[in-house]
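Please look over the sequence and the structure shown below.

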Amino acid sequence: MDARTRYDEVNALLALGASKGVYLSTHDGLDPHLHFAPDSEYLLVRVRAVTAGGLAIFLTESRGTRLGVCSRRGCEQVFVDVGRNATRRYCSTRCGNDDAVDRYRQRC
Ligand SMILES: [Zn+2]
Ligand SMILES: [Zn+2]
């Protein structure tokens, strides 16, 4: 998935999930933070909104990178790349190893 597609997908989630209003809140001794839907909304609506908002904030903070989809065929796990160089390609070490074995077998 290229970056533009990723942004479009997150924008679609924002339109669906966080369109009820975003506001700053402080409660329970927490620092000011964003709420993406009113507390009076159903749990599902609030979870959808905070997921969309969290993804959008993550993408802006990471300058559009560091969110990936596993490169192994058949695996569609998404992951956050916390490595120094942001070069991660697989969701897990296992997928990376299995993919290497598959590529080796295809050569034989
Ligand atoms: Zn809160
Ligand atoms: Zn994977």
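## Domains

The model is a predicted one. The protein chain is divided into domain 1, residues 1-65, and domain 2, residues 67-108. Taken over C-alpha atoms, the centres of domain 1 and domain 2 are separated by 28 Å.

## Zinc ion (ligand 2)

Which residues supply the protein donors of the zinc ion (ligand 2)? They are C70, C75, C91 and C95, each through its SG atom, at 2.3 to 2.4 Å from the metal. Along the chain these donors follow the spacing C-x4-C-x15-C-x3-C. C75 sits in the loop between β3 (67-69) and β4 (78-80), and C91 sits in the loop between β4 and α3 (93-107), so this pair, 16 residues apart, links distant parts of the chain.

The angles among the four donor atoms of the zinc ion (ligand 2) run from 106 to 113 degrees, and the site is tetrahedral. The assignment holds because four donors count as tetrahedral if all angles lie between 85 and 135 degrees. For comparison, the ideal angle for four tetrahedral donors at a metal is 109.5 degrees.

C75 has a relative accessibility of 16% and therefore counts as buried, the cut-off for buried being under 20%.

## Zinc ion (ligand 1)

The zinc ion (ligand 1) has histidine donors: H27, H33 and H35, each through NE2, lie 1.9 to 2.1 Å from the metal. In sequence, the spacing of these donor residues is H-x5-H-x1-H. Water is not among the atoms, so sites may look incomplete.

Is H35 buried or exposed? At 15% relative accessibility, H35 counts as buried. H33 has a relative accessible area of 24% and is partly exposed.

## Salt bridges

Side chains of opposite charge can pair when their charged atoms come close. A search of the whole structure finds five salt bridges.

| Pair | N to O distance |
|---|---|
| R4 and D8 | 3.1 Å |
| R72 and D98 | 3.6 Å |
| R72 and D102 | 3.8 Å |

R4 and D8 are four residues apart in helix α1 (residues 3-17), so about one helical turn separates them. D8 is partly exposed, with a relative accessible area of 41%.

R72 takes part in two of the listed pairs, one of them with D98 at 3.6 Å between the closest N and O atoms. R72 lies in the loop between β3 and β4 while D98 lies in helix α3, so the pair ties together parts that are 26 residues apart in sequence. At 25% relative accessibility R72 counts as partly exposed, and D98, at 24%, also counts as partly exposed.

R72 also forms a salt bridge with D102, where the closest N and O atoms are 3.8 Å apart. Here D102 lies in helix α3 and R72 in the loop between β3 and β4, so the pair ties together parts that are 30 residues apart in sequence. D102 has a relative accessible area of 29% and is partly exposed. Through shared partners, salt bridges join R72, R94, D98 and D102 into one network.

## Surface residues

Which residues make the nonpolar surface patch of about 350 Å²? V22, L24, L34 and I57 make it. L24 belongs to strand β1 (residues 23-25). Its relative accessible area is 62%, so L24 is exposed.

T60 is found in helix α2 (residues 43-61). T60 has a relative accessible area of 59% and is exposed. From T60 to V50, 10 residues away in sequence, the distance in space is 15 Å, C-alpha to C-alpha.

V82 is found in the loop between β4 and α3. With a relative accessible area of 72%, V82 is exposed. The C-alpha atoms of V82 and Q106 are separated by 31 Å, and the two residues are 24 residues apart along the chain.

Key
Residues numbered from 1 in each chain as written. Chains lettered and ligands numbered in written order. Predicted model: local features only at pLDDT ≥ 70, side-chain atom pairs only at ≥ 80, totals over all residues. Heavy atoms only, no water. Donors = N, O, S within 2.8 Å, 3.2 Å for Na, K, Ca; no water. Tetrahedral: all angles 85-135°; square planar, octahedral: opposite > 155°, others 65-115°. Helix = DSSP H or I, 4+ residues; strand = E, 2+ residues; numbered from the N terminus. Buried < 20%, exposed > 50% of the residue type's maximum accessible area, 1.4 Å probe, protein only. Domains from an automatic or database assignment. Patch = residues over 30% accessible without salt bridge, like charges linked within 9 Å, V, L, I, M, F, W, Y side chains within 5 Å. Areas by Shrake-Rupley, 256 points an atom, 1.4 Å probe, with all protein chains shown as cover. Salt bridge = Lys/Arg side-chain N within 4 Å of Asp/Glu carboxyl O.
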